[in-house]
Amino acid sequence: INIFRPLPPQEDEYDPEEDDPVLETAWPHLQVVYEFLLRFVMSKEVPSKTAKRKGVIDQKFCLRLIHMFDSEDPRERDYLKTILHRVYGKFMSHRQFIRTQIGYTFQRFVYETQRHNGISELLEILGSIINGFVLPLKEEHQSFLRTSLIPLHKPKMVALYHQQLNYCIVQYTDKDRSTCVPIMNGLYKYWPWTHSSKQVMFLNEVEEILDSVVPDFVEEMRPALLRILNKSIKSEHFQVVERTLYLWNNNHIVTHCFANDQAKYVLPAIFSPLKRKLKEHWNPTVMNLADEVAHLYRIVDGSLWKQLESTHKLRNETKLRIAQRRKHIWTKLKSGVPPSKLDFENNLLVKDPSTDGDYTDEEDMMYHGSTDTLQNFQNPMDTS
């Protein structure tokens, strides 16, 4: 009666990243109740079977406890976190129910409300729960990862709880290396391409995942990983490019994911954006990192590097010829020459010369028949 109460509605303009939380005015009274409940749960004089049988701590109690995590007062959420964790450890028959309800809370947050104050606290509890999973992982635990944890990368306020979410993800990869595959595909699906600071945050998570990966699962996660690397190195934000290139400073990642047998897949994916950053980028740190990566691949597979370099040169020459021809055609059109007297051949893409002849790598492949390995890439989430 004292703890389980309707929470006040949040204001529509409330921003948890900017605004201070609304503290509970009745906290002096609530703190006494929470302290009593915590000591009751921790007491060795209260057998779990007796408390469950008398209906004191049953599933309804656990559900209402989880609902209270949406309180704006961080002091209350801290007590709730400790109490729920103690209940989970003491009442084994409630464990599956608690995990299920936490999963439902995450799903409602991701797909319905997009607002919840206690996600980070629930993830902290979950981190210690995952640490206690036995191997091999049950299908229930793998399903929880796919349906509840990975989608938490989607909401706009992911930065508020990403540290706790990352810890849970790493716990899964440490328990079972095969979970790296759905996690990497999920990261690519929810990647924040238009938000540079979140991209850096996600790249930190990618490094921790790759740091625990084994060669057996690199092939399965390769399509999503190469797409992430290619687009991140292409980024116009220097911090995103810098953080991406820093991945090559990790010896474990280079050995198992980027070099040796993987070089023939990774290098074609990053070659074009890497060359551009190497020659044109304004930031000296980015240029130095790009030079180190290029030097690595010249040593690892010099013949592949030369082949890609000649292909890259040929592509640039082709782009230049098309840009010149397009400019010539537009000049003729503007001078009054009828289109019927102009020669449009070889599937020439006619654009206004103000576009400066810029194509994406995909357009290059489409119009010039590039043999770059990038043309074989497939979005791992496009399985329809």
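This report describes helix packing, the nonpolar core and charged contacts in a predicted model.

**Helices H5 and H7**

Helix H5 has 19 residues, and its first and last C-alpha atoms lie 26 Å apart, close to the 27 Å expected at 1.5 Å a residue. Its buried residues are Phe97, Ile98, Arg99, Gln101, Ile102, Gly103, Thr105, Phe106, Phe109 and Val110. The cover over these residues includes helix H3 (59–67), helix H4 (74–90), H6 and H7. Just after H5, Gln114 adopts a positive phi of about 60 degrees.

Helix H7 spans residues 139–149, with His141, Phe144, Leu145, Ser148 and Leu149 buried. These residues lie on the same side of H7, because they cover an arc of only 115 degrees around the axis. Among the elements that cover them are helix H5 (95–113), helix H6 (119–131), helix H8 (162–175) and helix H9 (180–189).

**Nonpolar core**

The largest nonpolar core holds 100 residues, of which Leu149, Trp248, Phe258 and Ile270 touch the most other members. Leu149 is also one of the buried residues of H7. Leaving aside residues up to four places away in sequence, Trp248 touches Leu229, Ile233, Val254, Phe258, Val266, Ile270, Val293, Leu296 and Tyr297.

**Polar and charged contacts**

Ser272 is located in helix H14 (residues 263–280). With a relative accessibility of 2%, Ser272 counts as buried, since the cut-off is under 20%. Its side chain makes a polar contact of 3.0 Å with that of Arg315.

Side chains of opposite charge can pair when their charged atoms come close.

| Salt bridge | Closest N and O atoms |
|---|---|
| Asp73 and Arg75 | 2.8 Å |
| Lys81 and Glu124 | 2.9 Å |

The Lys81 and Glu124 pair links distant parts of the chain, with Lys81 in helix H4 and Glu124 in helix H6, 43 residues apart. Lys81 is buried, at a relative accessible area of 19%, whereas Glu124 is partly exposed at 36%. In the bridge between Asp73 and Arg75, Asp73 is buried with a relative accessible area of 0%, while Arg75 is partly exposed at 34% relative accessibility. Finally, a network of salt bridges links Arg5, Glu24 and Glu76.

Terms used
Residues numbered from 1 in each chain as written. Predicted model: local features only at pLDDT ≥ 70, side-chain atom pairs only at ≥ 80, totals over all residues. Heavy atoms only, no water. Buried < 20%, exposed > 50% of the residue type's maximum accessible area, 1.4 Å probe, protein only. Helix = DSSP H or I, 4+ residues; strand = E, 2+ residues; numbered from the N terminus. Arc of directions from axis to C-beta. Contact = heavy atoms within 4.5 Å. Polar contact = N/O pair within 3.5 Å; in protein donor to acceptor, adjacent residues only side chain to side chain. Expected span 1.5 Å × (residues − 1). Core = buried A, V, L, I, M, F, W, Y, C linked by side-chain atoms within 4.5 Å. Salt bridge = Lys/Arg side-chain N within 4 Å of Asp/Glu carboxyl O.
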